[in-house]
Amino acid sequence: MGEETRGPVARGTIVQMVVIGSVASALGIALGLIIDWFPTQASKQADKIDTFWDVLLIVSVPVFVLVAIVVLYSVRTFRMKPGEELLDGPPIHGNTRLEIVWTAIPAVILVVLCGYAYAILHDIEKAPAAGNELKVQVYGQQFAWTFQYREGGKKVDTTRLYIPEGRSVKFEVHSKDVLHDFWIPAMRMKIDAVPGITTSYRITPTKTGSYPIVCAELCGLGHAFMRQTAYVLPPAKFDSWLKGKLNPAPAAAAGGGTQTAAVDGKALFTKGNANGATACGACHQLADAGTAGGVGPDLDKVLAGKDAAFIKESIVNPGKEIAAGYPANVMPPNYEQLLSPAELDALVQYVLKATQK
Ligand code: CUA
């Protein structure tokens, strides 16, 4: 005992480790490539980014397998056996050849991957040659996104993001308060919204449809609800939408009570609307609606005996009076934009009725 020398690892053992490692790497890579990691590709940029992901996966799996196999081998072979408690290992003075090898190989891998990544980034950040690019201003604010289109000195503000298929779109991203991150997973690109500076990226949508917008930077209690939808329209449809917004028809239909009857305040409370208004019940407790909430104040308590004007003010201007024990800026301040006047009215009437007991 203690006599055995720990000389070079036997050739047979190395062959065995190489075979196990190769098989494990092949299985790992196959599994990694089979798994469908991402949502549908909805932009020209998506394909290149997904290919890059696959390349990273192919390179990383063997590295992981190598490290895991050496660790497992060492744990098995060099573990302390009974009677060896006081034994010290042989003194080691380094191995220059080994150190050069294990520094050079990772360095080469990293330089090659960085070069490839740079080439892709350079490619997808290029401005379109035609110059027919649409610019959209994106504003992050706790806890919603708003968008602004500027054309010929006119501005269009909206809570719904519409973009045209097949045309390069440049998002100029701003923040009105804290850090957010503007991300449309189907388009793959994302960037931080940083207070005080404008960040940007461009994508070219390739598929009409609707795609989730996600805030990818923890920005407060409502971060998880900072989700909206991007709508990719055929170019002609997009142009007519934007033109209609830039030159709105005189509000001829205003004042007609036709829509009011159709709005269900309770449904708005429990489900929100398609325009991005999150359900009130997701954060607030209200017995009549059967919601548990937990994020915001219990409405049965804080709104008991309050009138319609107070309830409306609490919805459109939540920062004005904060219920005791709740932090400010938790509730999105843009419900007035997300709800139509008829919806806002129906919601106020519903909450009024539900809290008057
Ligand atoms: Cu905004 Cu997270």
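Among contacts in the protein chain between residues at least 6 apart in sequence, what percentage join residues at least 24 apart? The share is 67%, where contact means heavy atoms within 4.5 Å. This is a predicted model, in which local features need pLDDT of at least 70 and side-chain atom pairs count only at pLDDT 80 or more, while totals for chains, interfaces and linings use all residues. Residues are numbered from 1 along each chain as its sequence is written, and side-chain values use heavy atoms, with hydrogens and water left out.

**View 1. The protein chain as a whole.** The protein chain holds nine helices and ten strands, these being DSSP runs numbered from the N terminus (helices are H or I, at least four residues; strands are E, at least two). Its radius of gyration is 29 Å, well over the 21 Å that the globule rule gives for 357 residues, so the protein chain is more spread out than a compact globule; the radius is taken over C-alpha atoms, and the rule is 2.2 Å times the number of residues to the power 0.38. Taken along the principal axes, the C-alpha atoms fill a box of roughly 95 × 60 × 35 Å. Of the 357 residues, 35% are buried, a word that stands for under 20% relative accessible area, with exposed over 50% and partly exposed in between (1.4 Å probe, protein chains only). The protein chain exposes about 21300 Å², and carbon and sulfur atoms supply 62% of this area, as found by the Shrake-Rupley method with a 1.4 Å probe, where for residues only the protein chains shown count as cover.

**View 2. The largest pocket.** On a 1 Å grid over the protein atoms alone, a pocket is an open set of points with protein on both sides within 12 Å along at least five of seven lines, whereas a cavity is a set of points where a 1.4 Å probe fits but cannot get out; lining residues have an atom within 4 Å of a point. About 1200 Å³ of space lies in the largest pocket, a volume being the space filled by probe spheres set on the points, which are joined across faces, edges and corners. Its lining has 30 residues, and Met17, Leu66, Val70, Leu98 and Trp102 lie nearest the centre. The helices α1 (11-34), α2 (44-77) and α3 (96-124) each supply at least two residues of this lining, and the largest share, nine residues, comes from α2. By class, the lining divides into 22 nonpolar, six polar and two charged residues, where Ala, Val, Leu, Ile, Met, Phe, Trp, Tyr, Cys and Pro count as nonpolar, Asp, Glu, Lys and Arg as charged, and the others, Gly among them, as polar.

**View 3. The second largest pocket.** This pocket has a volume of about 860 Å³. It is lined by 42 residues, of which His284, Pro297, Ser314, Pro318 and Met331 are the closest to its centre. Two or more lining residues come from each of α6 (299-302), α7 (308-316) and α9 (341-355), with α7 giving the largest share, five residues. The lining has 27 nonpolar, ten polar and five charged residues.

**View 4. The cavities.** Two cavities of 30 Å³ or more are counted. The largest cavity holds about 50 Å³ of space, and among the residues that line this cavity are Phe143, Arg227, Thr278 and Tyr335. Both β10 (227-233) and α8 (335-338) supply at least two residues of its lining. The second largest cavity has a volume of about 30 Å³, and its lining includes Thr278, Cys280 and Tyr335; the residues there divide into seven nonpolar, two polar and no charged.

View 5. Most residues other than glycine have a negative phi, and most peptide bonds are trans. The peptide bond from glutamine 142 to phenylalanine 143 is cis, with omega near 0 degrees, and phenylalanine 143 is placed in the loop between β1 (134-141) and β2 (144-151). Arginine 188, although not a glycine, has a positive phi of about 75 degrees. Arginine 188 is found in the loop between β6 (180-183) and β7 (190-193), and counts as buried at 11% relative accessibility.

**View 6. The surroundings of histidine 174.** Histidine 174 is found in strand β5 (residues 169-175) and is buried, with a relative accessible area of 15%. Leaving aside neighbours within four places in sequence, histidine 174 is in contact with Gln137, Val138, Tyr139, Gly140, Ala193, Ile197 and Thr198.
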